[in-house]
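Subject: Structure handover

Hello,

Here is the structure I promised to pass on. Please open it alongside this email.

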Amino acid sequence: MAKTDYAALAPRLLEQVGGEANISSMSHCATRMRFVLKDESKAATESIKELEGVVTVVQAGGQYQVIIGNDVPVLYEELGRITALGQQDEAPQGPGGNFLDRAIALVSALINPLIWTMAGAGLIKATLALAATLHWTGADSTTYTILNAAGDSVFYYLPIVLAISAARRFKANEITSVAIAGALVYPSIVDLASAAHVTFLGIPVIMANYTSSLLPVIVAVWVQGLLEHWLKRVLPGTIRNFTMPMIVLAVMVPLTLLTIGPVMTWLSSSISGGVQWLFVHVPWLGGAVMGAMWQVFVIFGIHWGLVPIMLADLKDPGFSLMMAPLFAAVLAQSAAMLGVMIRTRNAKLRRLAGPAALSGLLAGITEPGIYGVNLPLKRPFVYGCVGGAVGGAVAAVASGATSVFVFPSIIGLSALLGHGNVALVFIGIAVAVVISLTLTLALGFTEPAEPAEAKAQEAPGAAENDTVPAEPTTAACAPAAGTAMPLEKVTDPVFSSGALGNGVGILPSEGRIVAPVAGTVVTAMESGHAYGIKTDDGVEVLIHVGLDTVNLKGEGFSPRVSAGQRVDRGDPLVDVDLAAVREAGYDPTTILVVTNTASLAAVVPVVDGEVTTSTTVIEIDH
């Protein structure tokens with residue numbers, strides 16, 4: 001597969017989400033660009049999905065998420081170069097969305113910057129635990145001590161690391177936030193956690209060990225931001241620079257130890273205790289739910305609400321029972337991708353499923369395969385959920401757990417050592433993989449249609465010297481009768497800018513939309529508003545009926561073709577109720593663009609005015 005040019009993708013994506021002015025904040029996770037848009041209706045979702053390098057688009061949790069894959073940091077960096085958004089990963093989301101959406105967006109914004117570092121550090125700890133188990137090194141050796149510090153520091157000092165992202169989110173002074181968090185893990189304060197009686201100005205203090213804690217510092221920094229906002233208004237400018245941090249530190253450190261810390265510690269322990277109770281008393285149910293539903297949670301962003309619980313478990317009691325079933329969930333979905341790669345006859349699908357399965361199995365990154373393979377095919381996704389449920393239940397019954405945060409993957413399996421019946425946990429994970437792979441291979445799935453030229457190349461008995469070269473496509477006719485106009489006059493900037501290729505706009509006078517060229521229908525949107533056709537000699541055209549008509553969800557559209565179908569020039573693609581489109585408030589202007597303009601010698605619009613479906617509107621030179 002050709003390597004994506006992210007420097008070229010970045011400006012096109014930026015334009016199609018509505019420009020920098022439409023973006024409140026921008027961040028990324030393992031595989032997704034996460035935008036908080038001021039107006040999601042301005043984003044050209046269907047066009048974004050068609051961009052090279054984009055797997056798909058998901059709108060969930062108050063965010064506009066563009067799935068890229070493992071190279072998403074590269075795209076994020078390119079977007080940072082051409083915008084002023086690079087330092088706004090944790091900017092406030094605004095009032096949009098319900099409480100759950102806002103809560104998930106908050107947790108996502110705070111933890112996203114930490115995920116890769118925690119995953120890498122967790123692998124160091126897991127590998128070190130494996131080395132100690134196999135007696136490659138001793139826990140009392142200096143080598144172990146140094147490597148353990150490398151893997152454990154981000155978890156031990158988690159409050160300090162979180163303080164940075166929380167300060168950006170809540171618009172507090174970052175250095176002051178770090179100082180507050182530093183006080184919580186200050187050695188003498190840590191020692192007080194085991195003291196019999198602690199007071200502050202005569203007030204009893206309920207002490208706790210705040211190393212590796214999550215909630216106390218988040219709430220403390222939120223209150224800090226409110227306090228600083230008030231102090232900026234009341235303190236004279238001549239003394240504000242040094243008195244504000246002095247007052248904030250003097251107030252927030254005791255306040256956190258007296259109230260915020262104990263309350264948040266109790267809340268965190270209560271939630272964690274509830275989850276622990278489920279996994280101890282009804283382990284098969286907890287494991288089955290996590291194994292079956294984890295990938296569903298990821299799709300909708302709900303998993304961000306569970307990550308803090310796992311991190312709280314890693315602090316107290318020191319391990320997370322929720323993590324073990326996730327290995328079954330992730331590896332089962334990856335096994336389904338592997339099954340698709342083995343079974344499919346579609347060359348394009350095989351090229352996508354293979355790397356996606358490898359990414360999921362080795363690194364635990366499943367989103368490219370979920371969105372590009374399993375979900376579109378439907379059945380493999382279900383097979384993965386079934387395998388994950390069975391394997392997750394077995395792993396939970398075996399009391400499987402991890403004491404470090406890792407991405408569930410083959411590389412991270414060593415994190416499961418030392419908890420519960422390890423052999424049974426591994427059997428459960430293996431069962432999940434076998435079930436998912438077997439179901440995919442045995443029951444199969446509906447194969448996506450393959451372009452006619454690919455089928456011809458694979459046809460039995462077809463010899464290279466018998467191949468008849470495809471007749472060059474030199475022209476494209478109007479897809480509808482009406483009035484043609486230059487693309488620049490189309491009101492949608494995605495098309496008028498030429499970002500999707502050269503072409504024309506046509507204001508149709510009748511509702512019959514036809515194929516402007518002969519070829520294979522490679523895209524047919526369910527809503528009936530857009531079609532992609534690839535000719536035998538490789539010209540790719542897009543027919544987009546109306547502007548923003550995807551919002552009509554198929555109302556007024558009667559498709560005549562489906563993906564994989566062969567069409568000749570003039571064959572009907574869709575019948576459109578133009579009156580209904582106009583009454584709904586949408587512009588019926590129909591766009592015809594050659595999407596691979598850059599790979600052709602010339603693509604020239606040649607008409608402006610009244611046209612019929614037999615009128616040539618674009619001349620093409622190879």
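Below is what was found, element by element.

First, the ground rules. This is a predicted model: local features need pLDDT of at least 70, side-chain atom pairs count only at pLDDT 80 or more, and totals for chains, interfaces and linings use all residues. Residues are numbered from 1 along each chain as its sequence is written, and side-chain values use heavy atoms, with hydrogens and water left out.

Helices (H or I, at least four residues) and strands (E, at least two) are DSSP runs, numbered from the N terminus. Two strands pair if DSSP finds at least two bridges between them. Four bridges join β18 to β20 (residues 616-621). In that pairing, A602 has D621 of β20 as its bridge partner.

**Strand β9**

β9 covers residues 502-508. Five of its seven residues are buried, so the strand is largely enclosed by the rest of the structure. Buried means under 20% relative accessible area, exposed over 50%, and partly exposed in between (1.4 Å probe, protein chains only). β9 pairs antiparallel with β8 (residues 482-486) over five bridges. There, M485 stands opposite G505. Five bridges also join β9 to β17 (residues 590-594), again antiparallel. G503 faces V593 in β17.

**A nonpolar patch**

W284, L285, V289, M293 and V397 form a nonpolar patch on the surface. Together they have about 440 Å² of accessible area (Shrake-Rupley method, 1.4 Å probe; for residues, only the protein chains shown count as cover). Patch residues have over 30% relative accessible area and no salt bridge, and nonpolar side chains are joined within 5 Å. A salt bridge is a side-chain nitrogen of Lys or Arg within 4 Å of a carboxyl oxygen of Asp or Glu. Helix α12 (residues 283-300) gives the largest share, four residues. V397 is in helix α17 (residues 379-397). It is partly exposed, at 47% relative accessible area.

T402 lies in the loop between α17 and α18 (422-443). T402 is buried, at 0% relative accessibility. A polar atom of its side chain lies 3.0 Å from the backbone oxygen of V404.

Best wishes

Terms used. Patches are made of residues with over 30% relative accessible area and no salt bridge: like charges are joined within 9 Å, nonpolar side chains (Val, Leu, Ile, Met, Phe, Trp, Tyr) within 5 Å. A polar contact is a pair of N or O atoms within 3.5 Å; within protein, one must be able to donate a hydrogen and the other to accept it, and residues adjacent in sequence count only if both atoms are side-chain atoms.
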